[in-house]
Amino acid sequence: MSGKPVLSLVGLRKEYGAVVAVDDLSFEVDRGEVVCLLGPSGCGKTTTLRMVAGFVTPTAGDVHIEGIPVAHLPPYRRDTGMVFQHYALFPHLSVAENVGFGLRNLGVARAERDGRVRDVLGMVELADLAHRLPRELSGGQQQRVALARALALRPAVLLLDEPLSNLDAQLRIRMREEVRVLVKRLEMTTVFVTHDQEEALVLADRIVVMNRGRVEQIGGPQEIYERPATRFVAEFIGLCNLLDGTVREVRSGELTVETGRGLRLRVRASGPGPAAGQRVVVAIRPERVVAAPNGEAPNRFRARVVAGTYLGSVSRHRVVVEGEELLVEGHTASSTPLTPGTETEIAVDPAHVRLLP
Amino acid sequence: MERASRVAGVLVRGSVYLMLALPALIVIASSVSRTRFLTFPPQGFTLDWYGRAFRSQAFMGSLALSTELAVAATLLALAIGTPAAYAIDRHRFRGRDLFHAFVMSPMIVPLVVLAIGLLQLMTWLGFGQAFLRLLVGHVVITLPYVVRTMTASLALFDRALEEAAMNLRATPWQVVRRVTLPILLPGLLSAAVFCFVTSFGNITVSVFLARGNQVTLPVQIFTYVEHSYDPILAAVSTLVIVVTLIVIFLVERTVGLERMV
């Protein structure tokens, strides 16, 4: 099945006057893989998607779909199916006509068209609403019609441009599960644009984190979260304690870093790390800071609890350790409760301290 | 209190409708009067004036001319105005604002001034054929309605729909035929109604551009009034109202008036 990638972006670049919207972007998407383009607004993720669909002409580079270079082809000659942010359902056509629109353009005979429209509508559980007009549907239903319409042509690549951003929180969570299940069942090669990190973590096999038109990191959800490559990635995805520091000591398998205010942290070294004297950024996820640990631990400090936030399943506290402020997050059910104004012990496993350039 | 304001509302709306409809109702009523001059309320009842109107070469000729002219001017104004509105909406070219102001100007320039200008232009160009002269004049005065209606329709048009169509393998021609035009249709029909009614009822420009016995219906009525004042006028005017209502009815059947705005 796999082997050659279904979609490759080769040195893709887009300039708008003096502004570089997308800067030398390259990555590949394998058959059946779901890739998320994740980044803040203006990072170039939508421009990238639109270059794949053919609505934006790249300044340089090319897009290959099934090995064929398509940068010079108009949108209607490219094998993509797109779900638009505001769905862009044809208001004058019924649900069935919307879904059958592409098949009609390709001259698929009536009987086959009807059958395929029925199948796709069944897939998104909208068979009963086939004769409704888009304006008679709820937001979630419109979203499914848009998805069905894009899937009806069985495109090589499914493109989704923030398709869940117009739904309310509850529905968004349900729809992203549904989308994931559906594209996985159809083994649909998918590129998904979002600014919602949680959406990316849930939906994607691989995440392309973008910032100012450039790729910050490409990796699986766990890799992106646990081992962010840059300060931007660490900050953009989840919460992260970031401290500026200097490498003081390098021993086999372990480093010691001293932060600006003098907090000395031991860090598990992985591969060739920074040399002594080098300036680094220390990244620690709040849930990796353990409050009131049992027994001996390498990075164990006394901390003063400054403030706390109760978030239901988890609680988040701000603590001060040797002048450095840290966020501590623990499951409300299993971790020791902290009280602002009191002191506590905290510990950080050296394996969970990341050093960023 | 609530009841009082509801009654007041009904009264206000009722009198507005009455004032709008009254001239037409008076004309229709007068057209059946047995008197030899126009009068309201009508005295007696006869359809004789309609018979006379239908037999009148002058009135029937100009009714035909007015109808043909209004249809032709509407089609031409749509054919020119729609692409113009499209260019104004979609492209940022040099002199775009000037161009926009220019096509809208017949709405602002007094029609008399426009008519004199057109008359002189046509004399200078040697445009002798009456229908052609009237057609050019009527296209000029109806064009702003098309441009105004269509720029409004296009501004509301979601461009993502065209992208979605292209993504679904529609060629540019298929996009226009299956998405752009059907969605703009209410706007086009509404522009068509404005054009038809404007052209069909125009006097100022027609008076200047008409030639010989080739006169439009409003001009014919206007000149007729100068020497006689019989109910045949009311009968002919009723025909004008009927033609206008037929046009509006046909459009209403196609798209529905509420969608025309």
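Modeller: Here is the contact between the two chains, followed by some features of each chain.

A word on ground rules: this is a predicted model, so local features need pLDDT of at least 70 and side-chain atom pairs count only at pLDDT 80 or more, while totals for chains, interfaces and linings use all residues. Residues are numbered from 1 along each chain as its sequence is written, and chains are lettered from A and ligands numbered from 1 in the order in which they are written.

The contact takes 15 residues from chain B and 19 residues from chain A, where two residues are in contact if their C-beta atoms, placed from the backbone, lie within 7 Å. On the chain B side, the elements giving two or more residues are α7 (159-167) and α8 (172-201) of chain B. Helices (H or I, at least four residues) and strands (E, at least two) are DSSP runs, numbered from the N terminus. The largest share of that side, six residues, comes from α7(B). By type, the side of chain B that touches chain A divides into nine nonpolar, three polar and three charged residues; here Ala, Val, Leu, Ile, Met, Phe, Trp, Tyr, Cys and Pro are nonpolar, Asp, Glu, Lys and Arg are charged, and the others, Gly among them, are polar.

Now zoom in on B:I183, which sits in helix α8 of chain B. Not counting residues up to four places away in sequence, B:I183 touches A:P91, A:H92, B:F157 and B:L161. B:I183 has 19 other C-beta atoms within 10 Å, so it counts as partly exposed: buried takes 20 or more other C-beta atoms within 10 Å of a residue's own, exposed 12 or fewer, and partly exposed lies in between, with C-beta atoms placed from the backbone.

Elsewhere in chain B, a cis peptide bond joins B:F40 and B:P41, with omega about -5°. B:P41 belongs to the loop between α1 (2-30) and α2 (48-55) of chain B.

Over in chain A, you'll find eight helices and 20 strands. Of the 357 residues of chain A, 39% count as buried. The C-alpha trace of chain A spans about 75 × 45 × 40 Å along its principal axes.

One piece of chain A is an open four-stranded sheet with antiparallel pairing, in the order β2-β1-β4-β5; strands pair if DSSP finds at least two bridges between them. β2 and β5 (68-69) of chain A are at the edges with a single partner strand each, so one side of each has no neighbour in the sheet. Strand β1 (residues 7-16) of chain A pairs with β2(A) over seven bridges in the antiparallel sense, and A:L7 has A:V29 as its bridge partner in β2(A).

A:D24, in strand β2 (residues 19-29) of chain A, has a phi near 50°, a positive value in a residue other than glycine. A:R154 also is not a glycine and has a positive phi of about 45°; A:R154 is in the loop between α4 (139-151) and β7 (157-161) of chain A. Most residues other than glycine have a negative phi, and most peptide bonds are trans.
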